[in-house]
Amino acid sequence: AQTVTQSQPEMSVQEAETVTLSCTYDTSESDYYLFWYKQPPSRQMILVIRQEAYKQQNATENRFSVNFQKAAKSFSLKISDSQLGDAAMYFCAYRTLNNAGNMLTFGGGTRLMVKP
Amino acid sequence: KAGVTQTPRYLIKTRGQQVTLSCSPISGHRSVSWYQQTPGQGLQFLFEYFSETQRNKGNFPGRFSGRQFSNSRSEMNVSTLELGDSALYLCASSLGDTPNQPQHFGDGTRLSIL
């Protein structure tokens with residue numbers, strides 16, 4: 001079974017600064033997807049960014065980018081030019097490609113606070 | 001396009017009762033997944049339905065069950081409620097045909113057991 005670990009329960013960043021959230025995972029599979037989801041107080045989980053394991057290029061979505069280190073099984077999220085609206089819980093998630101289903105395995109989450 | 005709709009938003013029940021939660025996916029989406037979110041256990045996968053068939057199941061007792069209708073709407077049922085069932089229940093939908101399709105989540109149903 002796969003496991004996902006987020007070692008930082010809380011992080012804080014100054015507005016306009018850059019912050020990196022860590023995620024490590026354990027799997028014996030070679031092909032899979034990794035995701036970062038954001039959950040603001042409104043509760044809805046919002047997809048921030050995703051990475052296919054077979055792609056060596058790191059995914060980027062505007063101010064959000066990842067550092068995917070497949071050999072190290074590491075998948076960190078970098079948020080540049082942090083904004084107040086970035087304050088939320090961030091979850092790293094793993095999805096196997098070994099079955100046709102949509103099951104996600106989530107990490108424990110990191111609460112990001114943004115200081116004005 | 002309307003998003004994933006979960007009803008009700010809040011629910012209060014007592015131990016021993018049963019409850020049914022509803023999830024309407026985005027139009028055209030055939031896969032619906034359910035997750036339980038608690039402070040202690042985090043986000044845990046319950047089950048997934050695709051074209052009215054259960055495609056995946058998490059490690060939850062048989063008191064947790066679900067179904068999907070022909071219009072892809074899904075319901076989740078919990079029988080003989082326990083205090084530990086208090087949680088935010090999230091539903092997610094996707095097209096479900098290929099693995100690269102993202103899941104879209106609803107706002108969740110907050111279930112409190114007294």
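Predicted model: local features only at pLDDT ≥ 70, side-chain atom pairs only at ≥ 80, totals over all residues.
A residue counts as buried here when its relative accessible area is under 20%.

Searching the whole structure turns up 16 aromatic pairs over all chains. One of them brings A:Phe106 together with B:Tyr35, with 5.5 Å from centre to centre and 85 degrees between the planes. That angle is over 60 degrees, so the pair goes down as edge-to-face. A:Phe106 belongs to strand β11 of chain A (residues 104-106) and B:Tyr35 to strand β4 of chain B (residues 31-38), which means the contact joins two chains. A:Phe106 is buried as well, its relative accessible area being 8%.

A:Phe106 has another partner in B:Phe105, again edge-to-face, at 6.4 Å between centres and with the planes 70 degrees apart. This pair also crosses between chains, running from strand β11 of chain A to strand β10 of chain B (residues 104-105). At a relative accessible area of 2%, B:Phe105 is buried too.

A:Arg43 puts its charged end over the ring of B:Tyr10, 5.1 Å from the ring's centre. Within chain B, B:Arg55 lies over the face of B:Phe50, with 4.2 Å to the ring centre.

Notes
Residues numbered from 1 in each chain as written. Chains lettered and ligands numbered in written order. Heavy atoms only, no water. Phe/Tyr/Trp six-rings, centres within 6.5 Å; stacked < 30°, edge-to-face > 60°. Helix = DSSP H or I, 4+ residues; strand = E, 2+ residues; numbered from the N terminus. Buried < 20%, exposed > 50% of the residue type's maximum accessible area, 1.4 Å probe, protein only. Lys NZ or Arg CZ within 6 Å of the ring centre and 35° of its normal.
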